[in-house]
Amino acid sequence: MSKFYSFDIVQNGGDVISTSSFEGKVILIINTASLCGFKEQIKEIEQIYNKYHQQGLEILVFPCNQFANNEPGTNEEIAKIYKEQFGLNLIIMNKVNVNGPDAIPLYEWIKIEKPGVLGFKGIKWNFEKFLVTKNGKVFKRYSSVKTPLSLSVDIERLLNQ
């Protein structure tokens, strides 16, 4: 079994879920921030979720305040903003760190599995994305400038495997 399925993550609201509950699904993992210049991607997250969820796509949204203080609110405030300002109805996770000594274990693992340009193992900015196969392998890492909708070809490819 892939190491991907060995992590516990915390949903906004405090419920702990195991990544093993996503076995057999394609997973898109995104670190987000509602004050970031890329914040319009939050609307696309909902669009791509609605388009592919019934076919087996899950999206894990991790708000993060590590880049230019772009996500300063509490978990409750973040959930409200994402729903009211961006129309995001899918479940989001609690705010996390994706870099440094307090980075959550899932992010530590995916950064090693799929380093960035020139082998960079950190997250550079908000809205970096990772696509995980149905077998729990990190398929690809995408920069912040790649929008969720621009990943459709790769998502469809993995859903059809």
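The numbered points below take up the overall fold and then strand β5.

1. This is a predicted model, in which local features need pLDDT of at least 70 and side-chain atom pairs count only at pLDDT 80 or more, while totals for chains, interfaces and linings use all residues. Residues are numbered from 1 along each chain as its sequence is written, and side-chain values use heavy atoms, with hydrogens and water left out.

2. The protein holds 4 helices and 6 strands, in the order β-β-β-α-β-α-α-β-β-α from the N terminus; helices (H or I, at least four residues) and strands (E, at least two) are DSSP runs. The radius of gyration, taken over C-alpha atoms, is 14 Å, close to the 15 Å of the globule rule for 161 residues, so the protein is as compact as a globular protein of that length; the rule is 2.2 Å times the number of residues to the power 0.38.

3. Of the 161 residues, 50% count as buried, meaning under 20% relative accessible area with a 1.4 Å probe, protein chains only.

4. Strand β5 (residues 129-132) is covered on both faces, with Lys129 and Leu131 buried on one side and Phe130 and Val132 buried on the other.

5. Strand β5 runs antiparallel to β3 (residues 26-32), joined by 4 bridges, and also pairs in the antiparallel sense with β6 (residues 138-142) over 4 bridges; strands pair if DSSP finds at least two bridges between them. Lys129 is the bridge partner of Ile30, whereas Phe130 has Arg141 in β6 as its partner.

6. The hairpin of β5 and β6 has 5 residues between the strands, and there Gly136 takes a positive phi near 80°.
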